[in-house]
Amino acid sequence: MPALFFVQIQKNRKEEGAFVDQPVYQVSQVNEYVKALLDGEPILQDILVRGELSNYKVYPSGHHYFTLKDKDSALRCVMFRSQAQRLRFRPENGMKAIAQGRISVFSRDGAYQLYCGGLSPDGVGDLAVAFEQLKAKLLEERLFDEAHKKPLPRYPRRIAIVTSSAGAAIHDMLRILRRRFPAAEVALLPVRVQGVEAPAEIAGAIRYANRWKVGDLIITGRGGGSMEDLWAFNDERVARAIYESELPVISAVGHEPDVTISDFVADVRASTPSNAAEIAVPDQMELLRWLRGAGERMAQAEEMKLELCRRRLQTLAEKRVMKDQLAFVQDRRMLLTHLQQRLGDLSEKSVGAKRQKFSSLAASLDAMSPLKVLGRGYAVARNEQGILKSYRDAPPGSRIEVALGEGSLECTVEKGRP
Amino acid sequence: MAGKKKEDSQTFEQQIARLEEIVARMEKGDAELADSLALFDEGTGLIHSCGKLLDEAEQKVVRLMKGADGAPVELPFDTEEEADG
């Protein structure tokens with residue numbers, strides 16, 4: 001024992017009679033001693049511990065503090081920031097986990113704890129947990145909403161493909177696009193599709209394709225691989241870039257059973273890159289067939305139209321007016337003659353009646369004529385003022401005219417008699 | 001040649017859409033005879049130009065690289081599959 005202990009023992013012996021024969025230690029001495037003991041135990045230097053996470057706390061310093069517990073017991077754990085940053089999932093209370101690390105003593109608190117170097121979900125892989133967690137988060141943020149999904153162009157003019165220029169995927173896609181619809185141009189935006197750089201490159205290429213409108217449709221994906229290989233397409237950055245893309249995006253990752261977060265966010269999910277190419281463009285053979293069909297349908301419609309017109313013409317042509325072009329004129333002429341006749345009849349009748357009336361009027365006029373009266377021996381006397389009806393009208397000496405049945409007399413009045 | 005020019009300036013999609021419209025209109029049969037003849041002519045022209053475009057199309061593939069000013073630069077991309085006969 002070091003000298004310090006000896007001094008300590010001496011001192012205590014004087015003060016506390018009861019413990020005379022036992023050494024007395026400082027708290028820190030004890031903790032250091034225990035720490036030295038534990039640190040010397042090889043098993044505790046790299047140990048895996050299974051338990052349930054509880055009381056999980058992330059401090060502003062970036063260190064994670066939590067407790068691993070089972071039915072009967074609990075173990076305090078700490079994970080420093082540098083290790084915590086490497087976590088691929090978000091630890092949550094209640095989660096079954098396996099922690100790896102070393103057991104040591106935190107002298108200040110006199111507590112031993114697990115200094116955690118790594119943590120992974122128990123039973124399922126950490127990637128599986130991370131996948132579920134991101135999926136739940138983005139679902140909550142409505143990144144998978146059907147309403148947000150954009151329709152694909154029916155006949156893309158230029159397809160932007162964000163994938164590796166080296167893999168089989170690009171060649172599969174090009175082959176199918178070439179076979180189905182070579183009219184669509186293809187612009188490849190080469191990116192790494194696995195490794196730590198991949199998510200940023202994929203997300204960047206999707207944004208770049210939008211910014212420069214390098215096509216009217218984006219296909220992003222890669223060929224099959226392990227979950228780790230496909231991991232870039234489960235990255236939140238890629239998911240957000242797809243969500244924010246104004247160009248429609250087809251996600252084409254791995255094989256049929258592989259489902260990635262990109263598949264959920266994309267406007268259309270293709271099961272494989274080849275499938276994406278099939279979805280992206282129409283089959284030109286079908287299109288050509290349709291075009292031919294359209295020509296036939298038009299010809300048929302036109303034929304029917306003409307037939308219909310012909311039939312209508314036929315019906316019209318069979319009417320008399322159309323058969324005999326003069327018939328119309330003749331009809332009209334007959335009508336005209338008839339009208340003239342009628343008009344003639346009418347006028348004749350009317351003139352006759354008028355003539356008769358005129359004769360009778362003329363007769364009575366004749367009967368009343370003063371000439372007729374004069375003819376019977378009467379005379380009419382008049383001066384410049386008019387016909388004389390009184391002796392007073394013509395004073396003696398004035399001149400009057402006397403009209404007779406034949407001729408007249410110029411006279412001077414000798415004398416008037418009342 | 002005005003009609004031809006019009007077809008060229010339309011996208012393939014617009015041409016197909018117009019053709020669909022023409023066929024539907026003609027099948028409905030309510031157009032005047034002169035109009036339907038004009039539609040028939042236009043439709044035939046569209047079928048010809050779309051068919052030609054499909055028949056003559058050759059896949060064009062480019063590799064895009066970000067240029068010095070940020071704008072995409074088109075580079076050739078070898079579409080032949082290596083080692084795969």
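**Aromatic pairs**

I began with A:Phe264, which counts as partly exposed at 25% relative accessibility. I keep in mind that this is a predicted model.

I then looked up A:Phe144. This residue has 12% relative accessibility and counts as buried. The cut-off for buried is under 20% relative accessible area, so A:Phe144 passes.

I searched the whole structure for aromatic pairs.

Where do A:Phe144 and A:Phe264 lie? I found A:Phe144 in the loop between helix H4 (126–140) and strand E6 (158–163) of chain A. A:Phe264 is in helix H8 (residues 261–265) of chain A. The pair therefore ties together parts 120 residues apart in sequence.

I checked a second pair, A:Tyr155 with B:Phe12. Their ring centres are 5.1 Å apart and the planes stand at 85°, so I logged the pair as edge-to-face. A:Tyr155 lies in the loop between H4 and E6 of chain A, and B:Phe12 in helix H2 (residues 12–28) of chain B, so this pair joins two chains.

Are these two residues, A:Tyr155 and B:Phe12, buried or exposed? A:Tyr155 is buried, with a relative accessible area of 8%. B:Phe12 is also at 8% relative accessibility and counts as buried.

I also looked for a cluster. A:Phe131, A:Phe144 and A:Phe264 form one aromatic cluster.

**A charge over a ring**

I looked up A:Tyr115 next. A:Arg102 lies over the face of this ring, 5.0 Å from the ring centre.

**The sheet in chain A**

I traced an open sheet of four strands in chain A, in the order E12-E11-E13-E14. The pairing is antiparallel. Which strands stand at the edges? They are strand E12 (386–387) and strand E14 (408–412) of chain A. Each has a single partner strand, so one side of each is left without a neighbour in the sheet.

I followed strand E11 (residues 380–383) of chain A to E12(A). Two bridges join these antiparallel strands. I noted A:Ile387 in E12(A) as the bridge partner of A:Arg382.

**A helix pair**

Last, I checked how H4(A) packs with helix H7 (residues 236–244) of chain A. Their axes are 11 Å apart, at an angle of about 30°. That makes H4(A) roughly parallel to H7(A). I logged the crossing of H4(A) and H7(A) as right-handed.

Terms used:
Residues are numbered from 1 along each chain as its sequence is written. Chains are lettered from A and ligands numbered from 1 in the order in which they are written. This is a predicted model: local features need pLDDT of at least 70, side-chain atom pairs count only at pLDDT 80 or more; totals for chains, interfaces and linings use all residues. Side-chain values use heavy atoms; hydrogens and water are left out. Buried means under 20% relative accessible area, exposed over 50%, partly exposed in between (1.4 Å probe, protein chains only). Rings of Phe, Tyr and Trp (its six-membered ring) pair if their centres lie within 6.5 Å; planes under 30 degrees apart count as stacked, over 60 as edge-to-face and the rest as tilted. A charge sits over a ring if NZ of Lys or CZ of Arg is within 6 Å of the ring centre and within 35 degrees of the ring normal. Two strands pair if DSSP finds at least two bridges between them. Axes are lines fitted to C-alpha atoms, for helices over the stretch in contact, and angles run from 0 to 180 degrees between N-to-C directions. Angles under 35 degrees count as roughly parallel, over 145 as roughly antiparallel, 65 to 115 as roughly perpendicular and the rest as oblique. A crossing is left-handed if the near helix is turned anticlockwise from the far one by less than a right angle, and right-handed if clockwise.
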